[in-house]
Structure formats: structure tokens, C-alpha cells
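Welcome, and please open your viewer. We will go from one selection to the next and say what is there.

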Amino acid sequence: RFKIAKTEGGDLLTRGCRYMVANTNRCLYPGGAETCPSTCGTCADVVDSPLRLKITKTDGYKTTRDCDWVAVDPDNRCVYDGVAEACRATCGSTTDAPVVPTPTVSPTTPPSPAPSPFPTARPS
């Protein structure tokens, strides 16, 4: 999770990359594309997010920090959930992160008209 403003100097919202999936125009918010590279299609740009990240440490303590803080001790800080993807340059994350798929509005294929007469290994 991270703090993002819809416009430069606007009110800050605390959101995650799933928020960006619902409307990829949100990737245009300042820092959005750098923070959610797989969602926004910017994986080729190995840069750090300019946003402050909400981090839950291994002891359960929650804090808000940026990639400069991560750079002080990357071996221990890049392991926190979401940090390696948001701080790609600092953490050396050059591989594409898994893409969060956009949900479909309805089923992508219509169901079969009738059940199979015999059990099959795969659905029809």
C-alpha cells in the first residue's frame, strides 16, 4: 500500500496496486506507474517509486517509508511485502513482477449447452 494523490498537491489516498487495476488511467497519477509497474505496464523502467509506502515489518509494526529509507539497508528492507516491486532500482528487481489480471465483466466463454454424457478429464 502507498499514499498517492490524484493530482500534484492533491489530497493523499492510501491505496494499493489493485486500486490501479480497476482503472488503469490511475497509473497517470503522480508516482502511480513507478509504484505499480506490472499493473501499469512499466516493468521495463527500473526506477524507484517517489511515493511513501505503507510497510508492515516482520514483527507486525506498521510504518510509512520511502525508497531512500529502503536504500539504507536493502538486504533487510526489500523483503517487506511490496517493497521490491515499488523500489525496483534500490532492490535490484529487474524481472517483471506478476501481472495482476483485470477481472472480466462476464464469463469469457459461454457454458456448454448440455452436460457431457461421460465423465471427462477436462470440463467441456
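Which residue lies over the face of W69? Select R77: it lies over that face, at 3.9 Å from the ring centre. A charge counts as over a ring when NZ of Lys or CZ of Arg is within 6 Å of the ring centre and within 35 degrees of the ring normal. Elsewhere, R26 lies over the face of Y19, also at 3.9 Å from the ring centre.

Before the next stop, note that this is a predicted model, in which local features need pLDDT of at least 70 and side-chain atom pairs count only at pLDDT 80 or more, while totals for chains, interfaces and linings use all residues. Residues are numbered from 1 along each chain as its sequence is written, and side-chain values use heavy atoms, with hydrogens and water left out.

The structure holds one aromatic pair. The ring centres of W69 and Y80 are 6.5 Å apart and the planes are at 15 degrees, so this pair is stacked. (Rings of Phe, Tyr and Trp, the last by its six-membered ring, pair if their centres lie within 6.5 Å; planes under 30 degrees apart count as stacked, over 60 as edge-to-face and the rest as tilted.) W69 lies in helix α4 (residues 67-72) and Y80 in the loop between α5 (74-77) and α6 (83-86), so the pair ties together parts that are eleven residues apart in sequence. Helices (H or I, at least four residues) and strands (E, at least two) are DSSP runs, numbered from the N terminus.

W69 is buried at 16% relative accessible area, and Y80 is buried at 13%. (Buried means under 20% relative accessible area, exposed over 50%, partly exposed in between, with a 1.4 Å probe and protein chains only.)

Next, select L53, I55, C67, W69, V70, C78, Y80, V83, A86 and C87: these ten residues make up the largest nonpolar core. Such a core is a set of buried Ala, Val, Leu, Ile, Met, Phe, Trp, Tyr and Cys residues joined through side-chain atoms within 4.5 Å. Helix α4 gives the most to this core, with three residues.

Finally, move to β3. Strand β4 (residues 62-65) runs antiparallel to β3, and four bridges join them; strands pair if DSSP finds at least two bridges between them. Look for T56 opposite K62, then for G60 in the turn, with a positive phi of about 90 degrees.
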